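Reader: Could you walk me through this one? I'd like to begin with the overall make-up and then go into the details.

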Protein chains: 2
Amino acid sequence: MKHNNRGENAILNRIVARMVDRARNPAGHRLALGIGDDAALFRPKPAHEIILTCDWFLEGTHFLRDTHPPDAVGWKCLARAVSDVAAVGGTPRCFLLSLALPDSHTGRWLEEFLGGLRRASRKFDCLLAGGDTTRRAEILINITVVAEVRTSRAIRRSGARAGDLIYVSGRLGEAELGLRVLRRGRRSANNKNPLTRKHLYPSPRLALGQWLADCRMATAMMDLSDGLSSDLARLCEASGVGARVESEKLPAVRVSDSDRKLGLDPLQLALHGGDDYELLFTVPANKAGMLPRKYKNVRLTRIGKITEESGVVLLQESGGERSLISGGWDPFRTKR
Amino acid sequence: MKHNNRGENAILNRIVARMVDRARNPAGHRLALGIGDDAALFRPKPAHEIILTCDWFLEGTHFLRDTHPPDAVGWKCLARAVSDVAAVGGTPRCFLLSLALPDSHTGRWLEEFLGGLRRASRKFDCLLAGGDTTRRAEILINITVVAEVRTSRAIRRSGARAGDLIYVSGRLGEAELGLRVLRRGRRSANNKNPLTRKHLYPSPRLALGQWLADCRMATAMMDLSDGLSSDLARLCEASGVGARVESEKLPAVRVSDSDRKLGLDPLQLALHGGDDYELLFTVPANKAGMLPRKYKNVRLTRIGKITEESGVVLLQESGGERSLISGGWDPFRTKR
């Protein structure tokens, strides 16, 4: 963990005080050096591969300074990066935090941010190993997560084959609905409000991803960060296949009557809403019977089938079918 | 490597086309997945530890859009992060690139940036493994480098002991002088101008760092990124020791008579100038005889001695001595 000049010692000290739990990281743990040195050292497990992923989390692009509670910014910046680890079936080990902050945000905002980051770090068992801090007019965050997976067990996007069944975890569109609610500003943004919770405090599906990798059940997998219509198209492209999705099977977010009247449609939210961080995966038809309906309380839903012909087709409840255009519907997409 | 929406496919494709050399990264290489998938996979060497380091490189803070050639921005963002690997004695393996760009910079600027980045990637034998791209009004770069070192061979900042001799590589103050020249704008900024070269295209001392780690010669080490006066104080603090530096021994930058008349002083540049990316290391007195005067054409200079009493003292050519204050002299420091 470095900082760019002496004035930033205060930020660094605060991060270390809040984030580094000496009792949880005694000598002999596989993580060493790091905070205060030029680089972090990490001792990999034998017969495992290292997973590397990084994510921007930028004010104005990924969150809004005045709308998103700092605690949620801290949680979500790590959760999003950890979701990329879940997406290949890995186990997080440690992360690097690059943080740029305005002077005005080095007090209470930083404290609350670190509170959320610390809860996420403990929840995902992913320790702060190092980073870089600097002053800046805007809040800029970049997170690198380092994880492990048994050699050759990582699940890629590219393994889907014609005939495989397509599954998703959880409910789709919940985070997008939460964002809409937050933007309307009628309900408070916190961890207790179920409508905004999934947008503010996503839960990457680590246990499910690891289980699918361990039992070699899934042929392809990714996390749903940009919405099903965009992400399924990417999985199909990487695998050189297409897909047919049955709209009536989609586990869509529940939308209240009053929200429906405001034009919020469960199917559209489920197809195009981003930020759910659920898993999208494919399973060979002959293994599908071994898949439970729920894994550790997370619902698994078959939503369609991989096809030889490229392109993603949506079978409508009316019986008709149409091409599914990536993220075609969301007017806020470019603002996220 | 991810990108945030379809509009950014063009940036991603350009990065892949310029940076990913399929011939150099065939199947079976220890780097897999990565570009286009959720995360990169990296197979660590047995009996080695993983080194992790990340660095901001931000427009306005670390470089200027209109002053620094894009080719130099590409080279330097990786070179700085790789220098942190040299500082612990490691060998770089791969890096993650997080890049945020304005629309205006996705054409020629990006091409030239990738040209410099590619040369650095080849020079340091450090492959692009993944990253994250997004659009942004300002140019934001974050680099994570992953490296390896034989287990327990990494050299930390904290190992210096009283009586150890203090060494630096190369000449100090050259990069700072180059920055001054660049700011005056009288000379062109390019790789051929020796005055600006070290500021624009620093050479991390990888071979030297690895050699010092392999032969267990150094007790403590770090790279000189913020200037000797700041960085030596950090090494001493981490080691719980102090230091005496002999000013007449310092391998200071050569300053022309005309630049001296403008107030540029070699000693001040050597003490407080940043961005040299030379190595600062300590060697037990009884091993110092084994240290060559040059290692692979890089000069090694003994500049002083570690002391039991804390604080860094400068012995002046006049015979007097004074406390060395970290970075006290540089009026541009806060602008860098």
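**Make-up, packing and contacts**

Author: Chain A has 9 helices and 15 strands, where helices (H or I, at least four residues) and strands (E, at least two) are DSSP runs numbered from the N terminus. This is a predicted model, in which local features need pLDDT of at least 70 and side-chain atom pairs count only at pLDDT 80 or more, while totals for chains, interfaces and linings use all residues. Residues are numbered from 1 along each chain as its sequence is written, and chains are lettered from A and ligands numbered from 1 in the order in which they are written.

Reader: What percentage of chain A counts as buried?

Author: Of its 336 residues, 54% count as buried, a residue being buried if 20 or more other C-beta atoms, placed from the backbone, lie within 10 Å of its own.

Reader: Which elements of chain A touch chain B?

Author: In total, 48 residues of chain A are in contact with 49 residues of chain B, contact meaning that the C-beta atoms, placed from the backbone, lie within 7 Å. On the chain A side, the elements giving two or more residues are β3 (40–42), β4 (48–58), α2 (70–86), β5 (91–101), β6 (127–135), β7 (140–150) and β9 (220–224). The largest share, 9 residues, comes from β4(A).

Reader: And how do those residues divide by class?

Author: The side of chain A that touches chain B has 23 nonpolar, 11 polar and 14 charged residues, with Ala, Val, Leu, Ile, Met, Phe, Trp, Tyr, Cys and Pro counted as nonpolar, Asp, Glu, Lys and Arg as charged, and the others, Gly among them, as polar.

Reader: Switching to chain B, at roughly what angle do α2(B) and α3(B) cross?

Author: The axes of α2 (residues 70–86) and α3 (residues 108–123) of chain B come within 6 Å and cross at roughly 40°. That makes α2(B) oblique to α3(B), given that angles under 35 degrees count as roughly parallel, over 145 as roughly antiparallel, 65 to 115 as roughly perpendicular and the rest as oblique. Residues of α2(B) that meet α3(B) include B:Trp75 and B:Leu78, and among those they meet in α3(B) are B:Phe113 and B:Leu117.

Reader: Which residues of α6(B) are buried?

Author: In α6(B), residues 206–214, B:Leu206, B:Leu208, B:Gly209, B:Leu212 and B:Ala213 are buried. They cover an arc of only 170° around the axis, which puts them on the same side of α6(B).

Reader: What follows that helix?

Author: B:Arg216 follows α6(B), and its phi is positive, near 50°.

How values were computed. Axes fitted to C-alpha atoms, helices over the stretch in contact; angles between N-to-C directions. Contact = placed C-beta atoms within 7 Å. Buried ≥ 20, exposed ≤ 12 C-beta atoms within 10 Å, placed from the backbone. Arc of directions from axis to C-beta.
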